[in-house]
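Please keep the sequence and the structure in view while reading.

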Amino acid sequence: MIFENLRMTDCCIFDLDGVIVDTARYHYLAWAALARELGFEFTPAQGEATKGVSRMDSLEIVLRAGGLENRFSGAEKERFAAEKNARYLDYVSQMTPSEVLPGVATFLRDVRSHGARVVLGSASKNAGTILDRCGIRALFDAVVDGTQVARAKPDPEVFLKGAAAVGADPSVCVVFEDAAAGVEAAARAGMRSVGVGGSPLLARATMQLMAFEGFTFEKLIAAIG
Ligand code: BG6
Ligand code: MG
C-alpha cells in the first residue's frame with residue numbers, strides 16, 4: 001500500500017496538559033490564586049509562559065511577574081509550589097473522562113490501529129493521576145512524566161525517554177505539543193512535531209493542528225510522512 005510505503009512515522013508522543021486535556025486553565029487558576037495571596041494579579045497572558053514549563057520554573061515566572069524575584073528562600077518557594085499544587089489537585093480530583101479533549105481518544109486508537117506506538121511525554125508530576133481520572137491510561141504504550149525526568153522541556157529528555165521506552169528511533173517519532181518549550185524539546189530530540197491549538201508561538205513545529213476532531217493517522221502521514 002502506497003500509504004504504508006511512504007510512512008516515516010512509527011511513534012506518536014503526546015504532551016498531556018493542553019493537548020489531551022485542558023488542564024492548562026487549572027494550572028493558571030492555581031498560580032493566579034497564589035499570586036493574589038502574594039498581593040498581585042497574574043494575568044492569563046502572563047500564564048502563557050508557564051505552559052510546558054516545570055512547576056518550580058513556573059513559580060519563578062509567577063514571582064517575576066509580581067516583581068518578587070529573589071525575595072524568598074528555597075524553603076518558602078517549596079511551600080508556595082506545594083500550595084499551588086494542592087489547589088491544582090483540587091481541580092484535578094474533580095476531573096472526569098468528559099474532559100478528554102474532543103477527538104483525542106479516537107485519534108490515539110487510530111494511531112495504534114495502524115501499528116504505531118502511542119506514548120505520553122509530560123512534564124507534569126500529576127500526569128498519572130490525570131490519566132486515571134480520565135480513564136485513558138490504557139490508550140498508551142508507555143508513559144513518561146515529570147516524576148521520571150531530571151531536566152524540564154525544552155530539554156529533550158522526556159521525549160527521548162518516551163521513544164526509548166517503546167524502542168523507537170527519534171527519526172520515526174512525532175511529538176504533539178501545545179507549548180513552545182515542547183516544540184523546541186522535540187526539535188532537540190531530533191523529532192518532528194505537531195503544534196496543537198494554533199498559537200503563533202508554535203511556528204517552529206513541522207505542522208500545525210487546530211484540534212483533533214476529524215484528524216486521522218492517514219492525514220498525519222499524508223502531511224508529514
Ligand atoms: C506541564 C504544564 O505539562 O507540566 C506546566 O504545561 C506545568 O504548566 C508542568 O507547570 C508541571 O506540572 P505539575 O503538575 O508537575 O506541577
Ligand atoms: Mg502542554
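## The magnesium site

In this predicted model, the magnesium ion (ligand 2) is coordinated by Asp15 through OD, by Asp17 through O and by Asp178 through OD, at distances of 2.0 to 2.1 Å. Along the chain, the donors of this magnesium ion follow the spacing D-x1-D-x160-D.

Are Asp15 and Asp17 buried or exposed? Both of these residues are buried, which means that each has under 20% relative accessible area.

## Salt bridges

The count for the model comes to 16 salt bridges. One of the pairs is formed by Arg25 and Glu99, whose side chains meet with a distance of 3.6 Å from N to O. Arg25 lies in helix α2 (residues 24–38), while Glu99 lies in the loop between α5 (74–92) and α6 (104–113), so this pair ties together parts that are 74 residues apart in sequence. Arg25 itself is partly exposed, with a relative accessible area of 40%.

A salt bridge also joins the side chains of Glu41 and Arg36, again described by a distance of 3.6 Å from N to O. How exposed are its two partners, and which class does each belong to? Glu41 has a relative accessible area of 52% and is therefore classed as exposed, because the exposed class begins over 50%. Arg36, at 48% relative accessibility, counts as partly exposed.

In a further pair, the side chains of Asp155 and Arg151 meet in a salt bridge at 3.1 Å, N to O, and Arg151 counts as partly exposed at 46% relative accessibility. Salt bridges that share partners also join Asp15, Lys153 and Glu177 into one network.

The domain assignment divides the protein chain into domain 1, which is made up of residues 2–21 and 101–224, and domain 2, which covers residues 24–92. The C-alpha centres of domain 1 and domain 2 lie 26 Å apart. How many residues are in contact across the interface? On the side of domain 1 there are 11 residues, and they are in contact with 10 residues of domain 2.

Between them, domain 1 and domain 2 bury about 920 Å², with 56% of this area on carbon and sulfur atoms. Asp17, Asn126 and Ala152 supply 35% of the area that domain 1 buries against domain 2, which is more than any other three residues.

## The loop around Gly190

Where is Gly190 placed? Gly190 sits in the loop between α9 (180–188) and β5 (192–196), and at 48% relative accessibility this glycine counts as partly exposed.

Gly190 and Pro170 are 20 residues apart in sequence, and their C-alpha atoms are 5.8 Å apart in space. When the neighbours within four places in sequence are left aside, Gly190 is in contact with Pro170 and Ser171.

Terms used
Residues are numbered from 1 along each chain as its sequence is written. Chains are lettered from A and ligands numbered from 1 in the order in which they are written. This is a predicted model: local features need pLDDT of at least 70, side-chain atom pairs count only at pLDDT 80 or more; totals for chains, interfaces and linings use all residues. Side-chain values use heavy atoms; hydrogens and water are left out. Donors are N, O and S atoms within 2.8 Å of the metal (3.2 Å for Na, K and Ca); water is not among the atoms, so sites may look incomplete. Buried means under 20% relative accessible area, exposed over 50%, partly exposed in between (1.4 Å probe, protein chains only). A salt bridge is a side-chain nitrogen of Lys or Arg within 4 Å of a carboxyl oxygen of Asp or Glu. Helices (H or I, at least four residues) and strands (E, at least two) are DSSP runs, numbered from the N terminus. Domain bounds come from an automatic or database domain assignment. Contact means heavy atoms within 4.5 Å. Buried area is the accessible area (1.4 Å probe) that two parts lose on being put together, summed over both.
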